[in-house]
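Student: I have a sequence and a model open side by side. Can you show me how to read it, feature by feature?

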Amino acid sequence: MNLTLIKVTNLEKKFGNNYALKGVSFNIEKGDFVSIFGPNGAGKTTLLKIISTQIKPTAGNIFYNGVALKDLPDDFRNYFGVISHQPFLYENLTAYENLKFYGGLYNVQNLDNKIISLLKSVELYQRKDDYVRNYSRGMLQRLSIARALLHDPEIILLDEPYTGLDQHASHILTNILKEQFGKNKTILMITHNLSKGYELATKIMVMKKGKIVYNENKSVIPEHEFEDIYLSVVSGK
Ligand SMILES: Nc1ncnc2c1ncn2[C@@H]1O[C@H](COP(=O)(O)OP(=O)(O)OP(=O)(O)O)[C@@H](O)[C@H]1O
């Protein structure tokens with residue numbers, strides 16, 4: 001049986017007089033992998049920030065498991081793992097110390113073993129005692145993936161996670177996402193990478209000018225037609 005984990009109704013976000021989001025409504029089932037596409041400025045990052053409670057909507061509602069956002073307990077943020085443009089890492093700590101710090105905030109059990117296992121899976125174990133200020137951009141991105149997964153979140157939100165990753169690191173991330181999907185985690189990923197987003201998704205959404213203009217199960221979208229569908233949706237033809 002499908003279980004609606006996230007229900008969004010008539011979401012609206014205004015910055016000054018401009019609508020970043022307008023009339024956004026959709027449901028996400030537990031275990032869905034949603035890829036969200038759309039041109040620059042469509043409202044994708046704004047939507048992800050609202051879902052992960054980083055910013056508040058101007059109007060509309062979000063329900064998690066049927067409970068309105070305002071009625072959820074403070075520790076509800078623990079349900080989310082967020083990978084975004086900001087790595088949320090401390091430059092003057094080592095990679096290991098960063099994860100130790102975050103693990104403490106989330107009260108992660110068996111922390112040292114989890115840190116070691118995650119550092120190995122993002123292939124940074126050999127560099128665990130290096131200061132983060134000396135990390136390359138791709139290494140920072142890999143470490144932020146480990147940070148986001150440390151507390152084993154139910155919902156994983158990713159904003160352009162492939163940006164800045166080389167081929168090998170992209171492959172590592174894809175494997176991690178497949179593994180998380182296999183554990184029935186719910187995943188929302190913003191990406192401009194049509195083939196990667198299509199490959200991983202169970203559900204595909206396209207945003208344009210603050211609205212969801214396409215929302216389908218991937219099973220009804222043939223792979224060879226997807227790029228044409230996307231282009232016609234965003235061009236409005
Ligand atoms: N803090 C803010 N203050 C003012 N305007 C904002 C703010 N954040 C976003 N916006 C505006 O809201 C609109 C949507 O921005 P958003 O970052 O959500 O788009 P996006 O789809 O993620 O774009 P991109 O693909 O370029 O990352 C844009 O017009 C943007 O300028």
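Tutor: Start with burial. A residue is buried if 20 or more other C-beta atoms lie within 10 Å of its own. Keep in mind that this is a predicted model. Now apply the count to strand β9, residues 203-208. Five of its six residues are buried, so the strand is mostly covered by the definition just given.

Student: Which strands pair with β9, and in which sense?

Tutor: Take the partners one by one. Strand β3, residues 33-37, pairs with β9 in the parallel sense over four bridges. Within that pairing, valine 34 has lysine 203 of β9 as its bridge partner. Strand β10, residues 211-217, pairs with β9 in the antiparallel sense, over six bridges. There, isoleucine 204 stands opposite glutamate 216 in β10.

Student: How many residues lie between β9 and β10 in their hairpin?

Tutor: Two residues lie between them. Look at lysine 209 in the turn: its phi is positive, about 50°.

Student: How many bridges join β1 to β2?

Tutor: Eight bridges join β2 to β1, which spans residues 4-15. One place to look is phenylalanine 15, which stands opposite asparagine 18 in β2.

Student: Which residues are around the ligand?

Tutor: Both members of that pair are there: Phe15 and Asn18 are among the residues around the ligand. Three are nonpolar, seven are polar and one is charged.

Student: Which element supplies the largest share of that shell?

Tutor: Helix α1 does, with three residues. β2 and α1 (44-51) each supply at least two residues.

Student: Now a helix. How does the reach of α7 compare with the expected span?

Tutor: Compare the end-to-end distance with 1.5 Å a residue. Helix α7, residues 223-235, has 13 residues and reaches 19 Å from its first C-alpha to its last. That is close to the expected 18 Å.

Student: Is α7 well covered or hardly covered?

Tutor: Hardly covered: the count of buried residues among its 13 is zero. Finally, check what comes after the helix. Glycine 236 follows α7, and its phi is positive, near 75°.

Notes. Residues are numbered from 1 along each chain as its sequence is written. This is a predicted model: local features need pLDDT of at least 70, side-chain atom pairs count only at pLDDT 80 or more; totals for chains, interfaces and linings use all residues. Two strands pair if DSSP finds at least two bridges between them. The expected span of a helix is 1.5 Å times one less than its number of residues. A residue is buried if 20 or more other C-beta atoms lie within 10 Å of its own, exposed if 12 or fewer, and partly exposed in between; C-beta atoms are placed from the backbone. A residue is near a molecule or strand if its C-beta atom, placed from the backbone, lies within 6 Å of it. Ala, Val, Leu, Ile, Met, Phe, Trp, Tyr, Cys and Pro count as nonpolar, Asp, Glu, Lys and Arg as charged, and the others, Gly among them, as polar.
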